[in-house]
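Subject: Structure handover

Hello,

Here is the structure for you to take over. My notes on what was found in it follow below.

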Amino acid sequence: MKTILVVGNGMVGYKFCEKFVAKEESKQFKLVVFGEEPRPAYDRVHLSEFFENQDAKALEMAPAEWYAENGIELIVDERVADIHRTNKTITTAKDREFSYDYLVLATGSSAFVPPIKGVEKEGVFVYRTIEDLEGMLAYAAKLKAKNPNAKAAVLGGGLLGLEAGKAVMDMGLEPHIVEFAPKLMPRQLDSRSSQVLQLKLESIGLNIHLSKATNQILGDDGYITGMEFGEDDVLDVEMLVVSAGIRPRDELGRSSGLEVGVRGGIVVDNKMLTSDNNIYAIGEIALYNQMIYGLVAPGYDMAGVAVDQILGHTETLMPAEIDMSTKLKLIGVDVASFGEPFMPAAKGHSIIFENKTQHLYKRINVSLDGKELLGGILVGDASDYSMLHQIYLNGMAIPEDASQLILPASEGGSAFGSALDLPDEAQICSCENVTKGEICNSIKDGTCEDLAGVIGCTKASTSCGGCKPMVTDLVNETLKSLGKTVKNVICEHFEYSRQELYIIIKTKKLTSFNEVLDTCGTGHGCETCKPLVSSIFASLYNVTPNVEDVTQDTNDKFLANIQRNGTYSVVPRIAGGEITPQDLIVLGKIGSKYNLYTKITGGARIDFFGAELNDLPAIWKELIDAGFESGHAYGKSLRTVKSCVGSTWCRYGLDESISFAIELENRYKGLRSPHKLKGGVSGCIRECAEARGKDFGVIAVEGGWNLYVGGNGGATPKHAKLLAEQIDNETVIKYLDRYLMYYIQTAAPLMRTAAWLDKLEGGIEELKKVVIEDSLNINAELEQQMAFLIDAYECEWKQAIENEETKKRFNHFVNSDDRDDNLVFVPLRDQKMPKHWEAKRKKAEEVL
């Protein structure tokens with residue numbers, strides 16, 4: 001049995017393993033993988049997500065058990081120190097020796113740290129590994145303890161630099177981006193698109209400093225205190241994150257005499273072979289075509305080529321040209337480029353659409369004859385990226401007026417054709433190298449029956465996820481072409497969409513799940529349809545989850561969000577974010593009494609974590625006795641209406657945003673809908689309440705309020721769209737009543753307002769006709785329904801604590817008052833947090 005050693009267990013090293021074990025011939029080899037980090041491979045593309053929960057496990061490509069199950073020996077926390085090519089052995093830093101028949105180098109890259117005076121000072125970090133992030137978090141916590149307004153800078157305004165800027169924001173530090181070039185993302189964006197991106201990033205709180213050459217890092221007693229760019233040009237910061245590019249980790253190749261490039265990287269051919277016929281290099285260490293490719297997709301392709309070459313499939317080669325097109329979401333902003341983003345005038349023409357008020361920029365480059373798409377840049381809205389990319393890759397025909405490809409529909413833009421028009425060889429998922437033919441044929445030959453099956457079979461969209469909309473379209477269009485109905489039914493128990501079931505329940509005045517099941521369903525129901533029917537009841541009658549708790553999901557059943565260790569969060573409503581000092585004292589006493597982790601949320605509320613199920617009624621009784629009520633943070637309902645201080649305090653305020661936010665939040669509190677709802681009210685166009693990132697947003701302008709709808713943050717951020725402008729308070733409420741009820745009645749399950757508005761035929765213009773012009777003649781009914789729901793509102797936690805039978809629901813054990821004795825907490829900055837699962841698992845194993 002021959003031995004393959006893989007040095008490096010990053011994303012590309014892992015992908016080599018995954019592709020290798022998928023081959024039948026792999027059973028003839030022994031595979032050993034070395035990683036110098038103390039954990040298995042993890043997803044560096046989504047590294048910034050670590051700041052959300054500090055859960056390294058959530059980023060794992062596969063757990064350690066996966067390697068063992070597939071016959072792979074995984075050695076972590078051990079660096080390979082030397083390669084002995086003559087003997088075909090390697091030596092580790094622990095002085096252990098291993099022999100190989102084939103060696104695969106996947107050591108990736110390291111962060112480039114410019115030779116700046118003072119860069120070695122305490123408080124200077126690189127942004128590369130989970131350990132780097134843990135160090136940043138610990139240091140930031142110390143800074144904030146001393147200075148709540150501490151500042152941090154990121155050196156580098158490229159892709160990773162902007163991600164690091166988001167990380168700095170998430171740590172609660174004032175973020176500054178310092179870039180040597182005169183624009184952000186100089187390799188991907190032109191000057192105008194970079195300006196649009198800069199405006200957007202500045203609007204959300206990042207401070208951008210361009211054309212800055214850092215001369216030295218300032219500091220006292222070994223700690224950073226600032227950055228000097230020139231005489232009298234100093235930026236005071238207490239922390240610096242260096243993200244100024246990468247350098248290939250090619251030291252093993254250099255020390256063993258492999259051919260390396262002048263600027264680094266181990267030279268490889270199209271077989272991924274180095275200058276040694278037994279050694280391959282893949283990923284960011286490989287210098288192919290005199291280029292280091294820093295994207296995931298080429299690295300995955302390299303891994304596949306190396307696997308096939310080792311197994312004897314010598315016809316598999318890297319293509320001569322690598323597509324560097326990419327779509328990213330940077331700090332909630334879509335950024336994409338494909339083909340040739342920068343077009344010399346001698347080669348073609350550029351067509352540009354720009355809207356700085358909405359932070360949108362779209363540029364496509366076409367051939368001189370106007371018949372071929374050569375490349376482009378998208379900032380702010382990259383929803384058309386997949387189709388534009390496919391048109392470019394496959395040389396598909398473009399409209400005579402190419403501007404239709406990027407103009408909004410309201411300005412003459414045309415919709416793209418069906419995804420089925422693409423050739424079968426079109427690469428849909430570049431990360432996993434999946435073609436349109438493979439996706440469609442998996443359905444046609446009966447291998448797969450739905451989207452989940454196709455994803456499981458082909459792995460399309462499982463890496464970065466950027467291709468999932470097109471994969472979904474291909475699956476649905478293929479099913480339709482086979483004569484199969486593609487209907488968004490709720491589940492096997494109801495052959496109806498949510499909208500259809502809503503109408504049935506409303507028309508027949510059904511009030512219990514069993515009535516609905518007997519009237520128009522089959523079987524006994526499931527975890528999908530039961531909460532959905534309960535949601536419809538709440539949207540129709542404003543009944544609380546206490547009425548039929550057995551049909552609710554966990555969060556609604558216990559009127560609280562369950563956390564990762566089985567405890568719950570408690571979020572009282574603080575309308576508009578306004579709270580008196582006396583109420584703050586009450587919350588402080590309750591948090592202290594029940595030892596709850598306490599945090600101010602992004603919606604300007606106070607959130608308690610770590611509440612045990614048994615304690616929830618007692619906690620809420622104290623809150624309700626003090627005048628608080630449920631904040632519905634656990635429900636698909638109105639969460640918050642965020643506000644700035646408006647004209648009450650701010651010298652720029654044009655109107656009373658706090659008062660209006662409180663009025664709106666109290667009006668719609670408890671309103672149940674297909675998905676959560678969030679609102680915002682800003683007192684001027686400076687937009688401190690981020691109203692345009694909400695399901696509904698109201699912004700004060702000269703002459704009244706501008707009303708925006710259909711925005712959201714989260715995984716797929718969307719700017720809200722203007723529904724009406726310069727209207728008074730009464731008209732805002734009237735339009736909001738109609739808009740919210742229309743959404744509640746017609747949206748699919750778990751569909752945010754942004755996605756609903758995108759799918760609404762005619763989009764925002766159609767919504768204007770319905771809400772403002774009453775084109776469907778339903779506004780009176782919508783207003784009447786909203787008025788009914790507002791009048792029917794009751795605080796569900798008040799109901800719960802006043803009903804002894806309901807209170808019995810909040811016991812950890814059905815037949816006992818005992819508490820959950822498996823809960824384990826650890827200290828966290830003078831508070832507490834749940835102990836990580838791995839530590840708890842090891843403790844359980846020790847007990848056994």
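Strand 14 (residues 223-230) runs antiparallel to strand 15, and four bridges join the two. Within this sheet, Glu-228 stands opposite Val-234 of strand 15.

Please keep in mind that the model is predicted. The average pLDDT of the protein is 89, and 96% of the residues score at least 70. Residues 410-415 have a pLDDT below 50, and this stretch has six contacts in the model beyond near neighbours in sequence. Residues 843-848 also have a pLDDT below 50, with one contact beyond near neighbours in sequence. Where pLDDT is low, the predicted coordinates should not be read in detail.

Next come the pairings around strand 22. Strand 22 (residues 333-339) is largely enclosed by the rest of the structure, because six of its seven residues are buried. Strand 21 (residues 326-330) pairs with strand 22 in the antiparallel sense over five bridges, and Thr-326 stands opposite Ser-337 of strand 22. Strand 25 (residues 373-379) pairs with strand 22 as well, in the antiparallel sense and over five bridges. In that pairing Val-335 stands opposite Val-379 of strand 25.

Three strands make it up in the order 28-30-29, with antiparallel pairing. Strand 28 (568-570) and strand 29 (597-600) stand at the edges with a single partner strand each, so one side of each has no neighbour in the sheet. Four bridges link strand 29 to strand 30 (residues 606-611) in the antiparallel sense, and Thr-598 stands opposite Phe-608 of strand 30. Helix 18 (residues 616-625) packs on the sheet and touches strand 28 and strand 30. The direction of helix 18 makes about 5° with that of strand 28.

The last part concerns two helices. Helix 21 (residues 729-746) has 18 residues and reaches 26 Å from its first C-alpha to its last, close to the 26 Å expected at 1.5 Å a residue. Helix 21 is mostly covered, with 14 of its 18 residues buried.

How do the axes of helix 21 and helix 24 cross? The axes of helix 21 and helix 24 (residues 779-791) come within 9 Å and cross at roughly 90°. Helix 21 is therefore roughly perpendicular to helix 24. On the side of helix 21 the contact is made by Lys-734, Asp-737, Arg-738, Leu-740, Met-741, Tyr-742 and Gln-745. On the side of helix 24 it is made by Asn-779, Leu-782, Glu-783, Gln-785, Met-786 and Leu-789.

One residue of this contact has some further detail. Asn-779 is found in helix 24, and at 2% relative accessibility Asn-779 counts as buried, because the cut-off is under 20%. Not counting residues up to four places away in sequence, Asn-779 touches Arg-738, Val-770, Val-771 and Asp-774.

Regards

How values were computed
Residues are numbered from 1 along each chain as its sequence is written. This is a predicted model: local features need pLDDT of at least 70, side-chain atom pairs count only at pLDDT 80 or more; totals for chains, interfaces and linings use all residues. Side-chain values use heavy atoms; hydrogens and water are left out. Two strands pair if DSSP finds at least two bridges between them. Contact means heavy atoms within 4.5 Å. Axes are lines fitted to C-alpha atoms, for helices over the stretch in contact, and angles run from 0 to 180 degrees between N-to-C directions. pLDDT is the predictor's confidence in each residue, from 0 to 100. The expected span of a helix is 1.5 Å times one less than its number of residues. Buried means under 20% relative accessible area, exposed over 50%, partly exposed in between (1.4 Å probe, protein chains only). Angles under 35 degrees count as roughly parallel, over 145 as roughly antiparallel, 65 to 115 as roughly perpendicular and the rest as oblique.
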